[in-house]
Amino acid sequence: MDKKYKFSMVNKFAILFISCTLLSLTSCKEEEKVDEGLPLPVVSLKEKNASKGFEYIGSIEGVETVEIRPQVDGILEEIYVDEGDFVEKGQPLFKVNSQPYMEDYKNAMANVALERAKVEKAKSDLDRLQPLIDNEVISEVRKKSVEADYQVALSSLERAQAQAANMRINLNFTTIKAPVSGFMGRIPKSPGNVVKQTDEKPLTILSKVDDIYVYFSMSESDYLYYERAKNDTLYNKMNNKVKLVLADGSVYEHTGKVDANSGQIDRNTGSITLRARFQNPDTLLRSGNTGKILMEEIYPKAILVPQSATTFIQDKKFVFVLDENNIAQRKEIITEGRSGDNYIVSSKSLSPDDRIVLSGLDKLANGIKVKPIERGRLLSQVQE
């Protein structure tokens, strides 16, 4: 074997050795990349403003809701308005047959005229006797008798005037007018029906709805929680403004305020009724509407965790928290409610700056290394 051949073989072995070494190093680098962990989205928790909602079924009534009832008995002659009409205060609504009351009033006025004539006669008698009394032609006893007749006549006149005034009031009551401005309700009677003061049902219900009341009930325990939370200034606080969710699911554009409660717990239901007041400038809401009152409890420093970042084992909730080495550990959390698509988590469960895995939880188990993929600021329904 010549020298050139030996040298060529040595070179080939050297090249092969170097190639194997390079391949080995490349393989090691690839193995190191695999060891970085499972790439999953991760977020660092922060304290944020959030709110938790409470819903209660409510019934809507106008601030002024008046039952229109007849104050005299008679035949209903006219109905001047229609159901659902808006009427002004003092506007005529119904007309009851006034003829009997007109005759009563005329009779009362005739009686007034009669009693006034008696007064004038008694006054004339008293004036005629005064000179005779002054000249001692007649006795003082006679004078007192005439004066008494005059006072009786005056009293009879006052009584007749009072009766006439009462008849005048009854006559005016035959035209039933709107006591407040508002919207007409259902009118169950029609012209020709007899109406009485003792009727069980009113002629209609008139509602003033510039502002409306929403009445709703909450349990005794909720009420105690509400009373404590609304004055809390250290932690969470109940918002003094409430929202109204309408029957179609939309949220009413104006916020309201709880301004009164019934003052006592109903022993039969164990609940208390509260009242919230809302502005209603467009008269969208009417008496008889229903809705839901939405009360909010404000958390000024809430820790929010997306619902999608949690898993359930029986009735317990868990998240995967990363340690400083990006090792995932399953941790149970205690929730205090929901804010949008997030859980409000107790500070006993998690702390600000804890890192949790957002998705891919089915691939995780305790002790698995994760390569964090930051997702930016956590999206949530918060109140800034």
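Gln314 is exposed, with a relative accessible area of 76%; exposed means over 50%, buried under 20%, and partly exposed in between, using a 1.4 Å probe and protein chains only. Please note that this is a predicted model, in which local features need pLDDT of at least 70 and side-chain atom pairs pLDDT 80 or more, while totals for chains, interfaces and linings use all residues. Residues are numbered from 1 along each chain as its sequence is written, and side-chain values use heavy atoms, without hydrogens and water.

Gln314 sits in the loop between β15 (311-313) and β16 (316-322); strands are DSSP runs of E, at least two residues long, numbered from the N terminus. Its phi is positive, about 60 degrees, although Gln314 is not a glycine. Most residues other than glycine have a negative phi.

Asn326 also has a positive phi, near 65 degrees. This residue lies in the loop between β16 and β17 (328-333) and is buried, at 18% relative accessible area.

In the loop between β19 (342-345) and β20 (355-357) we find Ser346, buried at 6%. Beyond its neighbours within four places in sequence, Ser346 contacts Ile334 and Glu336, contact being heavy atoms within 4.5 Å.

Finally, the sheet. Four strands form an open, antiparallel sheet in the order β6-β5-β3-β8; strands pair if DSSP finds at least two bridges between them. β6 (175-177) and β8 (194-195) are at the edges, each with a single partner strand, so one side of each has no neighbour in the sheet. Three bridges join β5 (residues 92-96) to β6, and Pro92 stands opposite Lys177 in β6.
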